[in-house]
Every structure is written in structure tokens, then in C-alpha cells.
Amino acid sequence: MSLYEGAVKKPIMTSLCFVAVVIFGLFSLSKLPVDLYPDIDTNTIMVMTAYPGASASDIENNVTRPLENTLNSVSNLKHITSRSAENMSLITLEFEYGYDIDVLTNDVRDKLDMVSSSMPDDAETPIIFKFSTDMIPIVLLSAQAEESTAGLYKILDDVVVNPLARIPGVGTVSISGAPKREVYVYCDPNKLEAYNLTIETISAIIGAENQNIPGGNFDIGNETFSLRVEGEFNDPREMENIVVGSYSGANIYLRDVARVIDTIQERAQETYTNGKQGAMIIVQKQSGANSVNISKQVLNALPRLQKNLPSDVKLGIIVNTSDNILNTIGSLTETVLYALLFVIIVVFLFLGRWRATVIISITIPLSLIASFIYLAITGNTINIISLSSLSIAIGMVVDDAIVVLENVTTHIERGSDPKQAAIHGTNEVAISVIASTLTMIAVFFPLTMVSGLSGIMFKQLGWMMCVIMFISTVSALSLTPMLCSQLLRLQKKQTKAFKAFYGPIERALDGLDVWYGKMLDWSVRHRAVIIIGCILFFCTEPVLCQVYRNRVFPATRQLTCGSETGTAYWYTQRNCSGTFSADH
């Protein structure tokens, strides 16, 4: 028993199967994350190593070169570049596309562990940065303060950053441009020389005094207590009473040789919002999280967080990427709906049967909804690529169904029983339907094998189109004949209202058939003229396009200006002869 014969003879089972597909598809749609682009992992890894106090030449010789020599052996490495500056070494590794960036990151980490023992003692542990679209901030918030400017960083870190970081799906929350508290100790060099003290001695004493030291445990009865010596300063003014030395039998205090100032750190980066200085809070998502939902939760949490802030600290929104995502997705969704509407209208105008239009209207969304199951299984998102695939596929998924439906309709108009017409009509065109689908799959399947960044972008497009075309073919060979057997009947005499509405359309289509028949008959009788005309058309088209391009668009010529060779652009616009601009 063939697929279409079984579908016609068991309509209930066929209907339940496709209803299950619709339910799973809609459930998958409700769970799919919404994002602007597919999840793209770049092929670049950066290794950053800090070496405080070292010059650029020291960084180059002691940090960058040993790391480069070790990282050169990483597999699938395409390019390696480095930059050595004061206090910092930056190495960029570019890999071949098509390899798992997580595996490459682990390989880089293993190589760094091998060379860690030969690094300078004061050099910090290398930090690995892996770039992907998840690193793009989804929300940028502004924070401005009046009296609380000095403690703005601490306030935001305690009241805003920590609660936002606990929102499900949020990856990291960082603060930029906010002043940090810093305590400066300004020593008088004359006094230091008089008391035979040095800056290094004072720095070591301050560090030793500002510590909490565990002192072990002691027992009292049946209980054990921990002993800890708490020496951290609660107030910077306590530092003035530190004994930094002795002179002539008298203690020398820090206040005798230095000034302690509690202020804010000198900032290398400042943030301004509407011309007013403040801070910026950057919210990034976790890998695979829903950007739109995270943005909504962050914005919903802002009023609650604002109540816990001092009255002079105000939060605002700088950038909310969910607006751009929603606008883009909404525009594509509207395009998909309009395309669906226009396809249904065209089908009705050409078929002239509302029952046939209903059948087509059912098969179109079913094929599109089934594609959401594929997105959910593969872990993809609703983005501009997936929605573009749906927009492209709308006009294609109806082809197979229309071919089957039109042939079944022809059998019914000849007097066949609807069920027999559905089976025999589908059997006649089944091979043609499958062949046309394989042809379309042959067009889009190569997109799934494109390498590089373009392959990452359009791989989803290729797979989506292949899945949708496969589902549409299965639907055309099973659901469409089943619906034809249940809904289509021999066309009865039409009402006057229907004849008045559809009569002009039918006459226009009949006229188109007559004109096409005459043109086809003439073409068959004049084969040589048709072949020569086609050859001339395809040969002269590039020449005509080039002539049109030269007249309308700028033509590029080389222009030598002194020792520089640039490009001059001449425009053949009216009243503009002789005018050009040169780009060196």
C-alpha cells in the first residue's frame, strides 16, 4: 500500500499524525529563544597576560615570545599575532573555520599550562577570551548620581549588579566608567630622609597591618572556637596611627611622614549620558539564552532596584537590543503573513474553488510549523535567517500540493469517485512531485556545506529549506489527497453571485490559455527563430547591462596625482560635465 493510498483509506489516522506535528511544532515555537542572528562562534581566541611594572621590551622577551613559541603548536592554527605593551601582552590566535572553538580553547589552555612554570614570578595567569555573538551586550543601562558619586561603583555593585546577575539567562553584568574608591598615601620625601625611611618600608608595613590573620583554634569545655586576628582598617584615618619606625627612641607614626587621603581613583575611562557624567552597566547573556526574555526581565527589575538606591542615584536605559530584535522579527513575521495571504488569494483566483483553497491553506502553515520542530531539536533560535527561510519557502511549499490537487480535481470533473480520484490522481504525479522536490533540495543543500563565516550564517537557511521542502512533499503525497477525498466534490452549477465575481477572472484565464497555446504552436513551428533569438538575447544582455551601468552608475578610472595613484569617478549627469572627485 502506497503512502497516498494509506492516507486516503485511513483519514482519521492521517489527520491525527499531522495534528500531532502541529502541536509539537507550536510547542517548540513557544520554547524557542528569540535572537537577532544565529549563534556564531568566531575562529579567534585572544590570550591576555598582565605583567605589572614591566616595560614593553621585557614583556616581549619574557612573556610574549615564550607564549608564542608554545602556542604555535596548537592544532588547526591559521594565523598568530602578538602585541607587547607596558604591563600587558596580547596574543591573537586565528583558527581555520569548521572546528569546535571549545575544543580549540581547551587545547590553548593545555599549552598555557605547560609554559606557566617558565613565566616571570610577578606575571599574572594568562586570560583566554573566546569571541561569539553571546558577548554582544543585550542591555546597556546608565547610572547618574549627585552626592553619591564617590561611592557610585560600590552602590551599583551591591544594589544593581548582584540582583541582575541572578536573573536566569544573564551571563555577566559589569560596570564601566564608575569611579572606584581609592586611598592615597602621600609621603614627604624630606621627612622620609630625615627618619631614614623608604617608600618600600612604609608600603610593606601598611600591607602587613591591613590583614585578617587566622590564629588557629582553642577549646573551651566541649566546644571549639576559631581564633582570628582582625587587622583590616575600617576607616582610612586609622592608618595615620601606624608605627612605621623609630628615631632616637621615639615611635614614628605614618601621620608624621605622610598624608592619607580617602578619594576616588583617577579614571582612564569616563561615561557620559546626555552630557552628564555617570556610569554604564553592561548586561550580557549566557550562551543560548533568550535575549528578548532577558531584556524584559532586566527592565522589569529596574523599578524595584531603583527603590533600593539612594535618592540621588538614577538608573536609565541607553540601549535595549531587544527593541531592534523585536522590530526585525516583527517585520519578517509581517512579511511571512502577507506572503501567506497573497499565496492563498492567487490560489483561489486560479483554482476558482474555495474547498481547494482551504486545502492549500492547510498545507502551507503545516509545513512551516513543522520546521520549528527542527529548530528546537538542533538548538537553533528564531532569528532573521530562520524567518527569511520561512518567507522564501512559502511560495515553494504550495507547488507540490497544487500539482496533486489540480490532477485530483481533473479526475473528479471527469466523473470519478473522490477517493478513487485522490488515489489515482496522486499516483500519476507522485514521481513528478518527488523529482521537483529533489531538484529544489539540490539547490539549497549545498548551502549546508559552505565553509567560513558565510557558511555559519547560511547553513541554517539551507537546512531549513531542505526540511520544509521534505515536509511539504510528504504533506502533498498524504494529507493533500486525503483532504481532496473528503472535501472535493463534482462541481455543481454555480450561483449567479459567484459567476458575477469569478466570470471575468475565468474569461481572463481562458484568454491567457488561448494566447499561450498560439504562442506555443508558433514556437514549435519556428524552432530556428526561437533558438537564434534566445542566443542573441543571452549574448547581448551583458553588453546592454554594461552600457546601462556606464551611463547611470559611475565608471572607475585610474588617476595619477603626483606620486599617488587613486580612483576618479566621472558622472554623466546633466549639467554636471567635467565634475569629478578623486580618492587617493
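Here's a short chat about how some labels in this predicted model come about.

User: What are the ground rules here?

Analyst: Residues count from 1 along each chain as its sequence is written. Local features need pLDDT of at least 70, side-chain atom pairs need 80 or more, totals for chains, interfaces and linings use all residues, and side-chain values use heavy atoms, leaving out hydrogens and water.

User: Why is L520 called partly exposed?

Analyst: Buried means under 20% relative accessible area, exposed means over 50%, and partly exposed is in between (1.4 Å probe, protein chains only). L520 has 43%, so it's partly exposed. L520 is found in helix α15, residues 496-525.

User: How do you know that F538 is exposed?

Analyst: F538 comes in at 56% relative accessibility, so it counts as exposed.

User: What makes F445 and W463 an edge-to-face pair?

Analyst: Rings of Phe, Tyr and Trp (its six-membered ring) pair if their centres lie within 6.5 Å; planes under 30 degrees apart are stacked, over 60 edge-to-face, the rest tilted. For F445 and W463 the centres are 5.7 Å apart and the planes sit at 90 degrees, so edge-to-face it is. Relative accessible area is 32% for F445, so that one is partly exposed, and W463 at 35% is partly exposed too.

User: And why do F537 and F538 get the edge-to-face label?

Analyst: Their ring centres are 5.3 Å apart with planes at 80 degrees, so that pair is edge-to-face.

User: What makes R255 lie over the face of Y253?

Analyst: A charge sits over a ring if NZ of Lys or CZ of Arg is within 6 Å of the ring centre and within 35 degrees of the ring normal. R255 lies over the face of Y253, 4.4 Å from the ring centre.

Methods:
Helix = DSSP H or I, 4+ residues; strand = E, 2+ residues; numbered from the N terminus.
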